[in-house]
Each structure stands twice: as C-alpha cells, then as structure tokens.
Amino acid sequence: NFAMPEQISVAEFLEETRDDYSSPTTSNFVTKMPLMKSTVSVLEETLDLDRSGLSKMKKSVKAMVTSGTSHVANETMFSENMEKLGNNALSRDHDPDIDTAEYVGAAFLKFSVFTRELTALMKSLVQNLNNIVMFPLDNLLKGDLKGIKGDLKKPFDKASKEYDAKYSKIEKEKKQLAKDAGLIRTEVSGAEVAEEMEKERRMFQLQMCEYLIKVNEIKTKKGADLLQHLVEYYHAQNNYFNDGMKTVEQFKSYVDKLGTELQRIKRSQDEEKKQLTELRNQLRSSMQIDKDK
C-alpha cells in the first residue's frame with residue numbers, strides 16, 4: 001500500500017485564498033502552494049480513472065442500444081411474417097374445412113398484433129436508453145472530459161511555472177544583494193515578496209479556482225446528474241415492464257380459449273390423418289398382392 005499524497009480541501013483553498021486576498025503580507029498562502037499542486041495532480045489522476053470508467057460504460061450502453069435496435073427490427077419481421085401466415089390461411093376460400101382455416105388464420109393475426117405491441121414497448125425502451133443514458137454520457141466525454149490526462153490542468157501548470165520562475169528570480173536577486181552587502185541569506189520568506197509576486201500569485205489562485213470549478217462540474221455530472229438520469233431510466237424500465245404485463249394479461253384469456261380450440265383442431269386433423277394412413281396401407285397391401293400374383 002502506498003500513501004496517498006496530502007490534499008487540500010476546497011474549503012481550505014477558499015479560506016487561504018481569501019486570507020491572502022485581504023492581507024497578503026500576513027497570509028500563509030505561499031506555504032500551502034506545494035499542497036495545492038499535489039492536490040491538482042491527485043484530482044487529475046481521479047479524473048483520468050473517471051474518463052476511463054465512463055468510456056467503458058458508454059461502450060456497453062452503445063452495444064445495448066445497437067442490440068436492442070436489432071432485436072426490435074427482427075421482432076417486427078417476426079410479427080409481419082405471422083401476419084402473412086394469417087392472411088394466407090384466411091384467403092383459402094376453397095378449403096373444405098373453412099372453419100378451421102379461419103380460426104387458424106385469425107390466431108396468427110392476433111399473435112402478430114400482440115408481438116407488434118410488445119415490440120413498440122421495446123422500441124420505446126431502447127430510445128429511452130439512448131436519450132436518457134447514452135446522450136449525457138457522450139456529452140460528458142466529448143465535453144468536460146475530452147482529451148487526455150493533464151489537458152485540464154494545463155492553464156494551472158502554466159501559472160504555477162510562471163510563479164516559480166519569478167520567485168526564483170527574485171530570490172536570486174535578494175541573495176545577491178545580501179552577498180554584495182557582505183551578508184549571507186539562506187532563504188527568502190513569502191511575506192517579503194508578497195507585493196512583488198502579487199500578480200503571479202493571483203494568477204496561480206485564479207487558475208486553481210478555475211480548475212476546481214471544472215472538477216466540481218465534472219463531479220456533479222458524473223455523480224448526481226448521471227444518477228438522476230439512471231432514476232429516469234428506471235422509470236422508463238418500470239413503464240416498459242408494467243405496460244408489457246398489461247399487454248400479456250389482456251392476451252391471456254384469448255390464449256386460454258385458444259389452447260382448448262387447438263386441441264380440438266389437432267384431434268380432428270389426427271383423425272383425418274389416421275383415416276388417410278389406413279387407406280394408404282390398404283392400397284399398398286392390395287398393390288403388393290397384385291404384384292405377387
């Protein structure tokens with residue numbers, strides 16, 4: 001296990017920056033700057049993990065939308081094929097067993113309508129998945145989280161480098177002045193250079209502030225907002241299953257009656273087949289006898 005670098009909270013950053021803003025010469029802001037830099041580095045690592053995790057989530061949702069759309073298309077074909085079978089059966093006016101043909105044809109048509117209703121629900125669910133979950137994920141990855149690790153903190157890094165460069169320059173100058181006067185200076189305190197470094201320090205604070213605002217926005221979008229979208233999708237799923245159950249329940253009484261009717265049709269057709277088989281066997285036997293003569 002490795003120790004996580006120390007971090008500064010947003011509340012601490014606000015407090016330290018406000019103190020420095022109101023009284024630069026007495027503030028401890030400069031001593032907290034290394035901690036602020038390490039905080040930005042840690043946040044950048046976290047954002048990169050989020051970017052990777054959300055990309056994988058988007059990939060799986062996209063695959064669900066694609067397979068769902070394909071399922072809807074196949075189920076639509078299934079419904080259309082049943083409709084054709086039904087119409088074919090109903091158009092057989094010449095069928096001597098017209099009652100059976102009409103009953104079978106009507107049953108195929110009813111199953112076609114039932115399937116079409118369930119397909120419409122599935123189509124709506126897939127559209128909801130695309131609009132409610134896929135769309136905001138895509139927006140987040142192409143918007144606030146676009147690019148690669150380090151992109152978001154570039155302006156902060158620039159301000160940080162400019163501060164360090166100016167500080168080193170002033171420190172060198174002050175040490176040289178002391179040396180010229182025959183003194184030795186080991187270090188230069190933040191309070192002494194507070195005024196000379198004010199512009200660079202304010203830029204550092206501004207860029208840290210901008211960075212924390214972006215991190216805050218991303219945290220909201222990948223957390224509370226994404227969960228809110230999942231709540232909306234839950235409602236869409238709830239409607240899908242409830243409406244699906246209603247459709248299934250409405251069809252149940254017809255299916256129960258159909259079961260009895262199908263047994264009757266099958267018995268009638270089995271009897272027909274039995275008589276035809278008996279006749280065939282009779283005819284075969286007589287032909288065999290003739291052959292043997």
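This is a predicted model: local features need pLDDT of at least 70, side-chain atom pairs count only at pLDDT 80 or more; totals for chains, interfaces and linings use all residues.
Orient the chain along its principal axes, and its C-alpha atoms fill a box of roughly 145 × 45 × 35 Å; the radius of gyration is 39 Å, whereas a compact globule of 293 residues would have one near 19 Å.

Next, colour by confidence: the mean pLDDT of the chain is 90, and 94% of its residues reach 70 or more. Select helix α2 (residues 29-90), where confidence is highest at a mean of 94, and then helix α5 (residues 190-193), where it is lowest at 69.

Move to helix α3 (residues 98-142) and pick out Phe135, which counts as exposed because its relative accessibility is 52%, over the 50% cut-off. A C-alpha to C-alpha distance drawn from Phe135 to Val72 reads 20 Å, for a pair 63 residues apart in sequence.

Finish on helix α4 (residues 154-180), whose 27 residues reach 39 Å from first C-alpha to last, close to the 39 Å expected at 1.5 Å a residue. Show the side chains of its buried residues, which are Phe156, Ala159, Ser160, Tyr163, Tyr167, Ile170 and Ala178. In an α-helix there are 3.6 residues a turn, so residues three or four places apart point the same way. Following α4, select Gly182, whose phi is positive, near 85°.

Terms used:
Residues are numbered from 1 along each chain as its sequence is written. Side-chain values use heavy atoms; hydrogens and water are left out. Helices (H or I, at least four residues) and strands (E, at least two) are DSSP runs, numbered from the N terminus. The expected span of a helix is 1.5 Å times one less than its number of residues. Buried means under 20% relative accessible area, exposed over 50%, partly exposed in between (1.4 Å probe, protein chains only). pLDDT is the predictor's confidence in each residue, from 0 to 100. The radius of gyration is taken over C-alpha atoms; the globule rule is 2.2 Å times the number of residues to the power 0.38.
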